[in-house]
Amino acid sequence: MEENYQLAKWLNDEMTEAELKEFQSQPDYHLYEKIKQYSSELQTESFNEEGMLSTILASKKETPKVVPLHRNWMFRIAAILILGFGLFFTYQTITPTTQLAENGKETTFLLPDNSEVVLNSGSEIEYKKWNWDDNRNLELKGEAYFRVAKGKKFQVNTNLGKVSVLGTQFNVKARNNRFDVTCYEGRVKVNYNSEEVILTKGQTVSFESNVKIIHQEVALEKPLWTIDQMDFEKENLTNVVDEIQRQYNVKIEAKDIQSEQLFTGKIPADNIEVALEIIASSYHLKINKINTSSYSMEETK
């Protein structure tokens, strides 16, 4: 450190005579002399401070705009919400609408043209809202009563046949292999396999296992099941028991009952004890109550 300090004083000509004599007596003095000589011969360009400052100021870049992290997350959340609402709207408008009436219940709803539909127990309807004007088709599983808005038309399809609306009130039932259509007002066109039937007010038609079994007049204003009654016309026991199970949402076990007797009549849909008693007396059966939602029936000996 001391040596560096003396060298600096010598280069700046700040040494006293005594210090200079002592410094010149050092073994490396002749090397210091050569370095000083060569350094004095070097030339450097003059430093323009004002010019350098002007250049720095002219090349000054704009300060980058920093978006706070919380704003970045807000943009992302907004984008996700917009995308989610878009997908939800698409799903709601394009996906077919399904209306369901569970066993023991009925469901009433309006179609896009304000026609009213009442679904009976254990029934289902599917249709498309988003292009209703171009696709007026309903897929029915079970039974439904239709009160069609004035001047409106649509088609009801089932696995057994289809019904075309001609401005009316009508009932459609498709259960197992039986297809029933009743017209209460106006007209309907019924297609079953290759057969076509036009029904007017007060007429009903029924098909079972590819055979037309009934085409008769009725004197009702609407289906009896809408006022808590089941109405059967030449129905086999299996169909009758199935309908009771749907209306009351119960399980009925029929033990080795074989009967070809067809049932015609009315059964209440609001009193299961009376309903089962009617069946028991008609077919000479014994009814056993297992619990509140389960019954069995067997032939009397």
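# Notebook: strands, rings and spaces in a predicted chain

**Entry 1. Val197.** I began at Val197, which sits in strand S9 (residues 195–200). Helices (H or I, at least four residues) and strands (E, at least two) are DSSP runs numbered from the N terminus. I noted that this is a predicted model, where local features need pLDDT of at least 70, side-chain atom pairs count only at pLDDT 80 or more, and totals for chains, interfaces and linings use all residues. Residues are numbered from 1 along each chain as its sequence is written, and side-chain values use heavy atoms, with hydrogens and water left out.

Is Val197 buried or exposed? Val197 counts as buried because its relative accessibility is 8%. The cut-offs are under 20% relative accessible area for buried, over 50% for exposed, and partly exposed in between (1.4 Å probe, protein chains only). I then listed the contacts of Val197, leaving aside neighbours within four places in sequence: Val188, Lys189, Val190, Phe207 and His215. Contact means heavy atoms within 4.5 Å. For Val197 and His215, 18 residues apart along the chain, I read a C-alpha separation of 9.7 Å.

**Entry 2. The whole chain.** I looked up the secondary structure and found seven helices and 16 strands. The chain has 301 residues, and 35% of them count as buried. Of the contacts between residues at least 6 apart in sequence, 40% join residues at least 24 apart. I put the accessible surface at about 19,800 Å², with 51% belonging to carbon and sulfur atoms. The areas come from the Shrake-Rupley method with a 1.4 Å probe, and for residues only the protein chains shown count as cover.

**Entry 3. Aromatic rings.** How many aromatic pairs does the structure hold? I found nine aromatic pairs. Phe179 and Tyr192 are a stacked pair, at 6.1 Å centre to centre and 20° between the planes. Rings of Phe, Tyr and Trp (its six-membered ring) pair if their centres lie within 6.5 Å; planes under 30 degrees apart count as stacked, over 60 as edge-to-face and the rest as tilted. Phe179 and Tyr192 are both buried.

Tyr192 also stacks with Phe207, at 4.3 Å centre to centre and 10° between the planes. This pair links distant parts of the chain, with Tyr192 in strand S8 and Phe207 in strand S10 (residues 203–208), 15 residues apart. Phe207 is buried, as is Tyr192. Elsewhere I noted a cluster linked by ring pairs, made of Phe109, Tyr127, Trp132, Phe146, Phe154 and Phe170.

**Entry 4. Two asparagines.** I checked backbone angles next. Asn176 is not a glycine, yet its phi is positive, near 55°. Asn176 lies in the loop between S7 and S8. With a relative accessible area of 44%, Asn176 is partly exposed. Asn193 likewise has a positive phi, about 50°, without being a glycine. Asn193 belongs to the loop between S8 and S9, and it counts as exposed because its relative accessibility is 56%.

**Entry 5. The cavity.** Rolling a probe the size of a water molecule over the atoms shows where empty space is left. On a 1 Å grid over the protein atoms alone, a cavity is a set of points where a 1.4 Å probe fits but cannot get out, and a pocket is an open set with protein on both sides within 12 Å along at least five of seven lines; lining residues have an atom within 4 Å of a point. Grid points are joined across faces, edges and corners, and a volume is the space filled by probe spheres set on the points.

I counted one cavity of 30 Å³ or more. The largest cavity holds about 60 Å³ of space. Its lining includes Lys173, Arg175, Asn176 and Glu243. Which helix gives the largest share of that lining? H6 does, with four residues. By class, the lining has no nonpolar, two polar and eight charged residues. Ala, Val, Leu, Ile, Met, Phe, Trp, Tyr, Cys and Pro count as nonpolar, Asp, Glu, Lys and Arg as charged, and the others, Gly among them, as polar.

Glu243 lies in helix H6 (residues 237–248) and is buried, with a relative accessible area of 3%. Beyond neighbours within four places in sequence, the contacts of Glu243 include Lys173, Arg175 and Phe232.

**Entry 6. The pocket.** The largest pocket has a volume of about 490 Å³. I found 28 lining residues, with Thr182, Tyr184, Asp231, Phe232 and Glu233 nearest the centre. S12 gives the most to this lining, six residues. The lining divides into nine nonpolar, ten polar and nine charged residues.
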